[in-house]
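Dear colleague,

My notes on what was found in it follow directly after.

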Amino acid sequence: MRYKGLIKDLNHIVISDPSYKDAVWCRYEKDNLNEKDWNVDLQVYSVKTKFEDYDIRGTEFYLLLQKDKRDCKIDEEGSIRYLSDIEIKDYTIGMDTACIALGINADAKEIIDSRDEWQPNCAIRTGTDGTFGEVTEGIRNRNLCFLLVTGYIEEEFCDEKEMFQYLVSHFQIEKLTEFNDKGKVEDKENQL
């Protein structure tokens with residue numbers, strides 16, 4: 001399912017293994033944004049990969065945050081399209097303590113404040129180290145205009161419902177609306 005919503009206040013964002021400090025290349029942090037009313041496009045879904053005789057089940061997601069809905073779109077195949085005056089910067093998000101944490105504002109501060117804790121409560125356990133996902137940053141005139149976050153976790157550590165709830169909570173997404181296969185819109189606000 002695909003969901004649309006709104007983030008009322010966006011000042012600070014962190015996507016990182018919570019043990020990482022500022023200078024680590026495989027984390028993302030942006031502070032002092034002072035933004036209001038950003039649009040959210042969220043899709044969380046289960047995937048299955050065949051590896052030899054094994055089926056590996058996982059949860060993938062993309063989370064698109066943007067100031068103006070015209071700046072960026074994600075097509076049916078999951079490819080990103082954006083306006084030509086936007087500069088792109090990509091970040092790989094890594095893990096060294098078998099967990100990952102994502103969040104904005106107070107949740108971002110909690111991630112930073114938990115650096116010395118082993119797998120803190122603000123993090124999702126992943127069961128492995130390595131690459132979690134990517135962040136694509138769209139910049140126009142030195143200002144952030146969109147952010148696309150993608151990630152993957154094996155289903156035994158975080159299923160589709162848990163990932164959805166984590167992202168909605170830690171990104172403080174409001175006015176959440178669900179789009180089904182037929183394009184009908186359903187209000188999810190009261191179902192969380």
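A residue counts as buried under 20% relative accessible area, as exposed over 50%, and as partly exposed in between. Lys8, with a relative accessible area of 42%, is therefore partly exposed. Please note that the model is predicted; the mean pLDDT of the protein chain is 91, and 93% of its residues reach 70 or more. Among the elements, strand β2 (residues 13–16) has the highest mean pLDDT (98) and strand β14 (residues 185–187) the lowest (59). Where pLDDT is low, the predicted coordinates should not be read in detail.

The whole structure holds 14 salt bridges. In one of them, the side chain of Lys8 meets that of Glu174 (3.7 Å, N to O). This pair links distant parts of the chain, since Lys8 lies in strand β1 and Glu174 in strand β13, 166 residues apart. Glu174 is likewise partly exposed, at 29%.

Arg140 forms a salt bridge with Asp71, with the closest N and O atoms 2.8 Å apart. Arg140 belongs to strand β11, while Asp71 sits in the loop between β5 and β6. Asp71 is buried, with a relative accessible area of 5%. Salt bridges that share partners also join Asp22, Arg27, Glu29 and Arg115 into one network. Within it, Asp22 is exposed at 56%, whereas Arg27 is buried at 6%.

The largest nonpolar core has 44 residues, and Leu42, Leu63, Leu102, Leu167 and Phe171 touch the most other members. A second, separate core of 8 residues includes Tyr62, Leu64, Cys72 and Leu148. On the surface, Phe51, Tyr54 and Ile56 form a nonpolar patch with about 320 Å² of accessible area together.

With kind regards

Terms used
Residues numbered from 1 in each chain as written. Predicted model: local features only at pLDDT ≥ 70, side-chain atom pairs only at ≥ 80, totals over all residues. Heavy atoms only, no water. Core = buried A, V, L, I, M, F, W, Y, C linked by side-chain atoms within 4.5 Å. Buried < 20%, exposed > 50% of the residue type's maximum accessible area, 1.4 Å probe, protein only. Patch = residues over 30% accessible without salt bridge, like charges linked within 9 Å, V, L, I, M, F, W, Y side chains within 5 Å. Areas by Shrake-Rupley, 256 points an atom, 1.4 Å probe, with all protein chains shown as cover. Salt bridge = Lys/Arg side-chain N within 4 Å of Asp/Glu carboxyl O. pLDDT = per-residue confidence, 0-100. Helix = DSSP H or I, 4+ residues; strand = E, 2+ residues; numbered from the N terminus.
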